[in-house]
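Please read this briefing with the sequence and the 3D structure side by side. The points below are grouped by topic for a reader who is new to them.

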Amino acid sequence: MQYLHTMVRVSDLDASLHFYCDLLGLKEVRRKENEKGRFTLVFLAAPEDEARSADLKAPELELTYNWDPETYSGGRNFGHLAYRVDDIYALCERLQAGGVTINRPPRDGHMAFVRSPDGISVELLQKGEALPPREPWASMQNTGSW
């Protein structure tokens, strides 16, 4: 068995690409437009997974954008996406500066949670050992659900 991808439906492709690529740091690796089915698939990979994605088409995040408007709810019902990151504080700062709420701040220097524009919960885990606690994160409270 081999993990291939996780698919999430998105209601605003531009907002989702801004979140996942510009702010979170994923890379678009391929895109498929299907006029007959009226949808676009955009496949994303973490920077350290780009080579495996090119060779294996895995591991990836598949964003599915249906051209006809739909309302999606319950993004947390499937669980969450998880990414290992080089510097959890720097990434949380970049996300916050981009208007993303840090739902579960990295108080412990190890783990944080944020949500995509469609309410998908994203877990961020510090690569290696936890970083020493640092303000403002160490005393920041949770916001909303994660």
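In β4, T64 is the bridge partner of R9, and V8 stands opposite L63 of β4. Both pairs belong to the contact between β1 and strand β4 (residues 60-66), which run parallel and are joined by six bridges; two strands count as paired if DSSP finds at least two bridges between them, while helices (H or I, at least four residues) and strands (E, at least two) are DSSP runs numbered from the N terminus. This is a predicted model, in which local features need pLDDT of at least 70 and side-chain atom pairs count only at pLDDT 80 or more, whereas totals for chains, interfaces and linings use all residues. Residues are numbered from 1 along each chain as its sequence is written, and side-chain values use heavy atoms, with hydrogens and water left out.

**The sheet around β1 and β4**

- The open sheet is formed by four strands in the order β1-β4-β3-β2, and its pairing is mixed.
- Because β1 (5-10) and β2 (27-34) stand at the edges with a single partner strand each, one side of each is left without a neighbour in the sheet.
- On average, and with direction ignored, neighbouring strands of this sheet are turned by 20 degrees against each other; axes here are lines fitted to C-alpha atoms, for helices over the stretch in contact, and angles run from 0 to 180 degrees between N-to-C directions.
- Strands of a sheet pair through backbone hydrogen bonds, in either a parallel or an antiparallel manner.
- Helix α1 (residues 13-23) lies across β1, β2, β3 (39-45) and β4, and runs at about 5 degrees to β3, where contact means heavy atoms within 4.5 Å.

**Rings and a charge**

- The structure holds one aromatic pair, for which rings of Phe, Tyr and Trp (its six-membered ring) must have centres within 6.5 Å, with planes under 30 degrees apart counted as stacked, over 60 as edge-to-face and the rest as tilted.
- This pair is made by F19 and Y20, whose rings are edge-to-face at 4.9 Å centre to centre, with 85 degrees between the planes.
- Both F19 and Y20 are buried.
- The charged end of R30 sits over the ring of F43, 4.0 Å from the ring centre; a charge sits over a ring if NZ of Lys or CZ of Arg is within 6 Å of the ring centre and within 35 degrees of the ring normal.

**Backbone details in the loops**

- The peptide bond from A58 to P59 is cis, with omega near -10 degrees, and P59 has its place in the loop between α2 (50-56) and β4.
- K57 lies in the loop between α2 and β4 as well, and has a positive phi of about 55 degrees although it is not a glycine; at 44% relative accessibility, K57 counts as partly exposed.
- R38, found in the loop between β2 and β3, is not a glycine either, yet has a positive phi of about 60 degrees; R38 is partly exposed, with a relative accessible area of 37%.
- A cis peptide bond also joins E135 and P136, with omega about 5 degrees, and P136 lies in the segment after β8 (121-126).

**Strand β8 and its partners**

- β8 is mostly covered, since five of its six residues are buried.
- Strand β5 (residues 80-85) pairs with β8 in the parallel sense over six bridges, and L81 stands opposite V122 in β8.
- Strand β7 (residues 111-115) pairs with β8 in the antiparallel sense over five bridges, and the bridge partner of R115 in β8 is S121.
- β7 and β8 form a hairpin with five residues between them, and G119 in the turn has a positive phi of about 85 degrees.

**Cysteines**

- The count of disulfides is zero, a disulfide being a pair of cysteine sulfur atoms within 2.5 Å.
- The closest cysteine sulfur to that of C21 is in C92, 18 Å away, which is too far for a bond.
- C21 counts as buried at 18% relative accessibility, and C92 is buried with a relative accessible area of 0%.

Conventions
Buried means under 20% relative accessible area, exposed over 50%, partly exposed in between (1.4 Å probe, protein chains only).
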